[in-house]
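Visitor: Could you walk me through this model, one question at a time?

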Amino acid sequence: MVEAWYMDDSSEDKRTSHRLEPNKAVSLEEVEKLGVLYWKLDADNCETDPKLAKIREERGYSYVDIIEIHKDTLPNYEEKLKIFYMEHLHLDEEIRYILDGSGYFDVRAKDEKWIRIAMEKGDMITLPAGIYHRFTLDQNNYTKAMRLFVGEPVWTAHNRPADHFDCRKEYLNKIASAVAP
């Protein structure tokens with residue numbers, strides 16, 4: 001089961017948990033109200049997993065690749081980590097399935113506070129188009145993830161501010177109609 005919580009405002013190492021004291025947990029239902037979808041899958045059998053195949057078919061995820069985020073496997077590792085951690089949005093969904101390792105996706109709540117979502121092996125997440133978010137490794141410093149796309153991959157991240165995009169306006173309208181946590 002994925003775990004999520006509101007983050008503190010500390011500027012310490014971004015790879016630490018950044019939990020408030022006391023911790024203020026966020027339920028999966030609250031995360032779903034932000035348009036974030038979550039599945040727990042069998043990462044050891046991802047190539048033959050019927051649950052993943054069904055999700056891909058239902059959601060139209062036709063393109064797949066694998067990324068390994070580690071200093072020994074990712075070219076320009078330090079620069080990439082800085083880019084991943086910059087607050088941004090995409091014009092399309094961002095879909096990530098953790099095959100090994102772990103990391104954090106941070107998403108903005110309705111009140112603009114950060115919610116940290118801890119991801120580990122077997123976790124798959126879909127972030128809706130228009131949500132401000134960022135990614136970082138945790139202190140294990142390693143993630144292997146499947147990236148899924150509808151059609152050809154689009155890699156463009158639009159750093160904040162990016163409120164002028166239609167997907168951002170549509171996203172805000174959608175979450176405004178969701179019941180507040």
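This is a predicted model: local features need pLDDT of at least 70, side-chain atom pairs count only at pLDDT 80 or more; totals for chains, interfaces and linings use all residues.

Visitor: Which residues of helix H3 are buried?
Guide: Buried means under 20% relative accessible area, exposed over 50% and partly exposed in between, with a 1.4 Å probe and protein chains only. Helices (H or I, at least four residues) and strands (E, at least two) are DSSP runs, numbered from the N terminus. In H3, residues 77-85, the buried ones are Tyr-77, Leu-81 and Tyr-85.

Visitor: Why do the buried residues of H3 line one face of the helix?
Guide: An α-helix has 3.6 residues a turn, so residues three or four places apart point the same way. Taking directions from the helix axis to the C-beta atoms, the buried residues of H3 line one face because they fall within an arc of 70°.

Visitor: Which strands are included in what covers them?
Guide: Contact here means heavy atoms within 4.5 Å. The cover over the buried residues of H3 includes strands E4 (63-69), E6 (94-108), E7 (114-120) and E9 (133-137).

Visitor: Which element gives the most to the lining of the largest pocket?
Guide: On a 1 Å grid over the protein atoms alone, a pocket is an open set of points where a 1.4 Å probe fits, with protein on both sides within 12 Å along at least five of seven lines; lining residues have an atom within 4 Å of a point. The largest pocket holds about 650 Å³ of space, the volume being that filled by probe spheres set on points joined across faces, edges and corners. Of its 32 lining residues, Phe-84, His-90, Glu-94, Arg-96 and Trp-155 are closest to the centre. With five residues, the element that gives the most is E6.

Visitor: Where does Pro-161 lie?
Guide: Pro-161 is joined to Arg-160 by a cis peptide bond, with omega about 5°. Its place is the loop between E11 and helix H4 (166-176).

Visitor: Is His-18 buried or exposed?
Guide: His-18 sits in the loop between E1 and E2. Although not a glycine, His-18 has a positive phi of about 55°. Its relative accessible area is 6%, so His-18 counts as buried.

Terms used
Residues are numbered from 1 along each chain as its sequence is written. Side-chain values use heavy atoms; hydrogens and water are left out.
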